[in-house]
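Please consult the sequence and the structure shown below while reading this report. The sections treat single residues, helices, strands and cores in turn.

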Amino acid sequence: MDEKKQYEELIRTIDYHMDRYYNQDAPEITDFAYDQLMLQLKAMEKEHPEWVTPDSPTQKVGGTTKREAGVEVVHNVPMLSIQDVFTEEEVTAWVESVQRVHPDARFSVEEKIDGLSMTLRYQDGALTLAETRGNGLVGEDVTQNALVIPDVARQIGLPGYVELRGEVYMSHADFERFNEQQEEAGKRTAANPRNLAAGTLRQLDSRVVRQRGLKMFVFNVQDARDNGVDLMESHGKSLQILQDNGIACVRHTVCGTPEQVLEAIHAIGESRGDLPYDLDGAVVKIDQVAYRADFPAGSKYSAGHIAYKYPPEEKEVVIDRIEVNVGRTGKMTFRAIFREPVRLCGTNVQKATLHNADFIRSMGISEGCTAICRKQGEIIPAIVRVVKQTGQEYRAPDHCPVCGAALTKDEDTSDIYCDNPSCPAQLKRTLAYFVGKDAMDIKNFGSKYINALVEQGYIRNIPDIYRLHEHREELIEKGILGKEKNTDKILAAIEGSKQNAPDQLLTGFAIRNVGRISARQIMKHYGSLWELAEAGEEELVQLPDVGEITARSICHFFRDEENRAMLRELTDMGVNMDAADREAGSRTLEGLTIVATGTLEHFGRKEIGEYIEKHGGKSTGSVSKKTSYLVAGENAGSKLDKARSLGIPVITEQELIRMAEGGEPEAAAAGKQ
């Protein structure tokens, strides 16, 4: 790949991760990894300035407006980002460059809180508008939600117009409280406080915002007029005035020399583990506001600011023992348990996940060794290196620690498996997955009931689920599924699931490497599960998206006599094994990979996926070079931008329907002219 193509591919990668971070509040890589991508891009643009366009990630703020959470607002003052630096030498060089122009320049060193920006507009002391950053130029109105954040003052003692910018965040205590409540309710937990804070501020119901306990620190005066005090002269003095008026402001230290700036940065860094909130750096600002304009940093970054990014926090730990558990698919999972807990990124940590036995051996990890632990992305504890070995090599178990069955090693990976389908450690997870939404989708029948039924001996395998009706009176008497009405509702849902499509049943078997999408694709080629059960590896690898490992896993499952006996039992019980007529839906979309985005007129997200697949196409959730068409509805976002950047045809919902009926979309026709 030539250098220009590498540059374009890097931009697409960064744009994707920008969207995950700013718009979806679901980053897939660490801040450190993202920063490294940006540094690589900046280096390439420095070498080739002629390549730089206004759409480059170095020239724009990452977020886009989320219309569903409020009304769009054009910012009075652009809400830009801050230029990142990663070494103390860079900090010193920047401070010295400012003082060469303005020898009397002072600097405010502040905590860079890991949250999301919000601007507050006040007129004659009353809050009139709260707005998110969005794309830096246009955000969204979140005033009603801001009003229930205790740190947001409805009234301030300053007349005229005042515009303040701050950071909305969630404390560790409120984050942990939320996750505890989610776990108790059997719901999905949040990944980190920043993502949860971002999602909370965009809620449509302000009562949810109040319950979750968001907080805010003001860190800048964006604009001020006609209020009798000069809030736009000295940054430090303006923050003091705001604090005197009861406004929560970011912790800051005013410095006069590069040495003092570094000392303040060190002090913030040393306090990170004791703060009730997360930081992602320290901000250095020119205190004299008028001087900032002399140091522009481009269209993306605020003038007169830099942000120092701390290296990932690391702590030394002694690994007391290596704990082995069994996952849902039977894979052995390994975890290091520390002799004493350590404080990392504001939380106590006493364990870290280890990838597999080969990783443990390659790192020199053993019980009793001393190692360095780091939170990857400031979220997931990980062992990054061993600093004192014991001289002993770790030996992974060769028998399942739960059921005692012999373990097998995957030929193509480092993973070790227990292949005993009746292993108690797997049973509850396997059954919960079988009845779950991605598989048989048996309504109201979750892990809570599965666990109770397994523990009391009513369920020992999948067919036992379909025998529960035989124990109806006992179940009602013991209240295992609740009272009579709820018990009958669940039993009816179990009975109804017998008519599900066989791809759902195939998914529910939890065969290694066969998930919901792949199961659906596989069953397009077979008339029944029994037909699939007779297929050989050579036949299976000819199917789209089925590799050797997946084919081997399917054959291994259906060659096992216990699994074939289970299939016979389910067949005798009336569970559907036969696919619907494969010609019932036309094959007009066969060979096409289609992504849908935005709000559609006739379909929901699930329905359009089913429509595409009914007509032979493949429905996926993300745009890539393999995408054939993007179906774009109203408010199409980053997927539309990515499709255009890759040259992928964009069609309407009506054009998709025309294609499914055998016609040709206008986008395709236009491409032929």
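Phenylalanine 558 is buried, at a relative accessible area of 1%; buried means under 20% relative accessible area, exposed over 50%, and partly exposed in between, with a 1.4 Å probe and protein chains only. Phenylalanine 557 also counts as buried, with 12% relative accessibility. The two residues form an edge-to-face aromatic pair, 5.1 Å centre to centre and with 90° between the planes. Rings of Phe, Tyr and Trp (its six-membered ring) pair if their centres lie within 6.5 Å; planes under 30 degrees apart count as stacked, over 60 as edge-to-face and the rest as tilted. By this rule there are nine aromatic pairs, and Tyr169, Phe217 and Tyr277 form one aromatic cluster.

The model is predicted, and local features need pLDDT of at least 70, side-chain atom pairs count only at pLDDT 80 or more, and totals for chains, interfaces and linings use all residues. Residues are numbered from 1 along each chain as its sequence is written, and side-chain values use heavy atoms, with hydrogens and water left out.

## Helix α20

Helix α20 comprises residues 548–559. Helices (H or I, at least four residues) and strands (E, at least two) are DSSP runs, numbered from the N terminus. The expected span of a helix is 1.5 Å times one less than its number of residues; for the twelve residues of α20 this gives 16 Å, which agrees with the 16 Å between its end C-alpha atoms. The buried residues of α20 are Thr550, Ala551, Ser553, Ile554, Cys555, Phe557 and Phe558. These buried residues pack against α16 (502–508), α17 (516–523), α18 (529–533), α19 (537–540) and α21 (561–572), where contact means heavy atoms within 4.5 Å.

Isoleucine 554 lies in α20 and is buried, with a relative accessible area of 2%. Leaving aside residues up to four places away in sequence, isoleucine 554 touches Ile511, Val514, Ile522, Leu532 and Leu540.

## Nonpolar cores

A nonpolar core is a set of buried Ala, Val, Leu, Ile, Met, Phe, Trp, Tyr and Cys residues joined through side-chain atoms within 4.5 Å. The largest has 66 residues, and those with the most contacts inside it are Met118 and Ile265. Strand β8 (residues 215–225) gives the most to this core, with six residues. Apart from this core lies another, of 50 residues, among them Phe445, Leu491, Met523 and Ala535.

Isoleucine 265 touches Val91, Val109, Ala282, Val284, Tyr308 and Tyr310, not counting residues up to four places away in sequence. Strand β8 is mostly covered, with nine of its eleven residues buried.

## Strand pairing

Two strands pair if DSSP finds at least two bridges between them. Strand β7 (residues 161–169) pairs with β8 in the antiparallel sense over nine bridges, and tyrosine 169 has lysine 215 of β8 as its bridge partner. Five strands form an open sheet of mixed pairing in the order β2-β11-β10-β3-β9. β2 (84–85) and β9 (252–255) stand at the edges with a single partner strand each, so one side of each is left without a neighbour in the sheet. Strand β10 (residues 279–286) runs antiparallel to strand β11 (residues 305–308), joined by four bridges, and alanine 282 stands opposite tyrosine 308 in β11.

An open sheet of four strands has parallel pairing and the order β20-β19-β21-β22. Its edges are β20 (618–620) and β22 (650–651), each with a single partner strand, so one side of each lacks a neighbour in the sheet. Strand β21 (residues 629–632) pairs with β22 over two bridges in the parallel sense, and leucine 630 stands opposite valine 650 in β22.

## Threonine 370 and the cysteines

Threonine 370 is found in strand β15 (residues 370–376) and counts as buried, at 11% relative accessibility. Threonine 370 touches Glu316, Val317, Val318, Val386, Val387 and Lys388, not counting residues up to four places away in sequence.

A disulfide is a pair of cysteine sulfur atoms within 2.5 Å, and a search of the whole structure finds zero disulfides. Cysteine 403 is in no disulfide, and the nearest cysteine sulfur, that of cysteine 418, is 3.7 Å away. Cysteine 403 counts as partly exposed, at 28% relative accessibility, whereas cysteine 373 is buried, with a relative accessible area of 0%.
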